[in-house]
2 protein chains.
Amino acid sequence: MRLTVLGSTALDSIETPFGNRKEILGGSATYASVSASFFTPVNLMSVVGSDFPARYLSMFDKRGIDTSSLEIKKGKTFRWKAKYNYDMSVATTLSTKLGVFDGYMPEVPDSLSSSCNLLLANIDPDLQNHVLKKLKPAGLVACDTMNLWIDLKKRSLLKLLKKVDLLLLNDAEARQLSGEEGLFAAAKWISSKGVKMVVIKKGEHGALFFSKKLGFIVPAYLLEVIKDPTGAGDTFAGAMMGYLSRCRKINDRNLRRGLVYGTIMSSFAVERFSADGLIKTTPKDIRDRYSHFEKLTRF
Amino acid sequence: MRLTVLGSTALDSIETPFGNRKEILGGSATYASVSASFFTPVNLMSVVGSDFPARYLSMFDKRGIDTSSLEIKKGKTFRWKAKYNYDMSVATTLSTKLGVFDGYMPEVPDSLSSSCNLLLANIDPDLQNHVLKKLKPAGLVACDTMNLWIDLKKRSLLKLLKKVDLLLLNDAEARQLSGEEGLFAAAKWISSKGVKMVVIKKGEHGALFFSKKLGFIVPAYLLEVIKDPTGAGDTFAGAMMGYLSRCRKINDRNLRRGLVYGTIMSSFAVERFSADGLIKTTPKDIRDRYSHFEKLTRF
């Protein structure tokens, strides 16, 4: 099934202990789309400014990502500047310039096919609600979020949770959203808000899958070097939803494999700056790492 | 094969967000022995004072733990007082009273059978070196350590590493010992000091096994409540070495299962204060949790 991805497309300036990059391709929809495109046809729904480099558009094209719902608006592309210390689990935002995201409301033409799965990648929950309502997707609906929206738009986020099948968020966000310290209790609280399945991402410590009760624990793929953790969570969500879109059935086996592909793809993403870790990856690299991960975890 | 366990036996006073306990049974050799005793006959080598409660001695007896090398010296049992906050990964030591451990040098009579595996649980590396030299065990030798000994007795610890097969330590200790931030690099550094296998324990995030290269990644068994994390690492080491002592061969398959038993047993240990989580566990509980963990992790 086709996967529609709503989220941000950005130009990031990132500093980590392993280097500095200025105005590189970023954004939740970018990471999620590129990651998902290894598994299924993707429709990217986002907005960029007229300053958005054409080479990135042609990269999307080359990867078979449909950009007909990527609006190009007069003005500046969304820019995010951030810094990571040696503990790369938390980014310090140095500046955020909304640019064309200021006042953006995605167009969802009636002609757009609703026979798709939908990934509402991290973005303002008002936009997530809007697209979900207009598109009425026939398939699986997943969403991601971040601390900012839990702070500023919790009501809108809770409204969304009633209507999505799967929420992906990290451990700190799960604690913040639920007010619960323990991840079991946090997942239970979140499930009580109407969402059927919850993935709690723990960064370098793996991920947990809950469907009413705890269903699956997956460790992370240990890396020698992490150059830039930006987009790891978006990549995870994109891979999981991309893989599930390729599957005939959403069953326990495929959900588990979806989480493993999330793990594998995010391990590629963080090995380089921007989405380069994904772009330079081949289907064979993915198969090899998946099979290595199987060997590393079986007992 | 029989397992000899050297380590501390203590009376702990512990405060966690879930309660306070005074003068409860503790010590690295206690947790490791009780944990190992589910898998193999154990010989406990340690020292206690004349104030050590007889009920603990009879608990060791009931569990089939041979206490003929547990010296009872005139004086006070080693006491440790500590506090945990909500982040239970680090204990704050409030006081340490060595008692009979001051000047303790384990007796290793020539008559003692060397046809055993040996677990040098966390204790002064001078004592670990002494026992290893005197006992000359025929089987597998493992050791554990802590930040204190890395600070105070690094030379003695490095001398020990040349002679042991397996080192178990936590992630912070691996970083401290090696001076390396990345766990891959830390394990490589440690391996270069002569030890053949390294287990890096990551507490609630699982454990990693290295034998020259990364061999196995195991997540932790997620718990709803952790009441007292004291002894989790000692329990892990005891279970792993206990399980391996029951196996005919030390091969890849059994090493992986040993780590899983370490994971399972430490999950029981932290559910109650002191060694009560272990003592109240039955072989059926262990089988059930092992099988639940298999279900939670396979894909």
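How many bridges join strand β7 (residues 78–84) of chain B to β8(B)? The first legend gives the answer; every view is drawn from a predicted model.

**Figure 1. Strands β7 and β8 of chain B.** Six bridges join β7(B) to β8(B), and the two strands run antiparallel. One of the positions to look for is Y84(B), whose bridge partner in β8(B) is A91(B).

**Figure 2. The open sheet of chain B, with four strands.** The strand order is β3-β2-β7-β8, and the pairing is mixed. At the edges stand β3 (19–26) and β8 (91–97) of chain B; each has a single partner strand, so one side of each is left without a neighbour in the sheet. From one strand to the next, the twist averages 15 degrees.

**Figure 3. The open sheet of chain A, with four strands.** In chain A the order reads β3-β2-β7-β8, with mixed pairing. The edge positions belong to β3 (19–26) and β8 (91–97) of chain A, and because each has a single partner strand, one side of each lacks a neighbour in the sheet. The average twist from one strand to the next is 15 degrees. Strand β7 (residues 78–84) of chain A is joined to β8(A) by six bridges, and these strands run antiparallel. Within this pair, R79(A) stands opposite K97(A) of β8(A).

**Figure 4. Helices α1 and α8 of chain A, packed at about 40 degrees.** The axes of helix α1 (residues 28–36) and helix α8 (residues 232–246) of chain A are 7 Å apart. The crossing of α1(A) past α8(A) is right-handed. On the α1(A) side, the contact is made by S28(A), Y31(A), A32(A), S33(A), S35(A) and A36(A). On the α8(A) side, the residues are D234(A), T235(A), A237(A), G238(A), A239(A), M241(A) and G242(A). By class, the contact of α1(A) with α8(A) comprises six nonpolar, six polar and one charged residues.

**Figure 5. Helices α8 and α9 of chain B, crossing at roughly 140 degrees.** The axes of helix α8 (residues 232–246) of chain B and α9(B) come within 7 Å. The crossing angle of roughly 140 degrees makes α8(B) oblique to α9(B). The handedness of this crossing is right-handed. From α8(B), the residues in the contact are A232(B), T235(B), F236(B), A237(B), A239(B), M240(B), Y243(B) and L244(B). They meet N254(B), R257(B), G258(B), L259(B), Y261(B), G262(B), M265(B), S266(B) and A269(B) in α9(B). The contact of α8(B) with α9(B) divides into eleven nonpolar, five polar and one charged residues.

**Figure 6. The contact between chain A and chain B.** Chain B is superposed on chain A by a rotation of 180 degrees with 0.0 Å of shift along its axis, at an RMSD of 0.0 Å. This is the relation of a two-fold axis. Both copies use the same surface, and 100% of the contact residues of chain B recur in chain A. Chain B gives 20 residues to the contact and chain A gives 20 residues. On the side of chain B that touches chain A, the elements giving two or more residues are α7 (183–191), β14 (213–218), α9 (252–269) and α11 (283–297) of chain B. The residues on that side of chain B are twelve nonpolar, four polar and four charged.

Terms used: Residues are numbered from 1 along each chain as its sequence is written. Chains are lettered from A and ligands numbered from 1 in the order in which they are written. This is a predicted model: local features need pLDDT of at least 70, side-chain atom pairs count only at pLDDT 80 or more; totals for chains, interfaces and linings use all residues. Two strands pair if DSSP finds at least two bridges between them. Axes are lines fitted to C-alpha atoms, for helices over the stretch in contact, and angles run from 0 to 180 degrees between N-to-C directions. Copies are superposed by least squares on the C-alpha atoms of residues with pLDDT of at least 70 in both. Two residues are in contact if their C-beta atoms, placed from the backbone, lie within 7 Å. Ala, Val, Leu, Ile, Met, Phe, Trp, Tyr, Cys and Pro count as nonpolar, Asp, Glu, Lys and Arg as charged, and the others, Gly among them, as polar. Angles under 35 degrees count as roughly parallel, over 145 as roughly antiparallel, 65 to 115 as roughly perpendicular and the rest as oblique. A crossing is left-handed if the near helix is turned anticlockwise from the far one by less than a right angle, and right-handed if clockwise.
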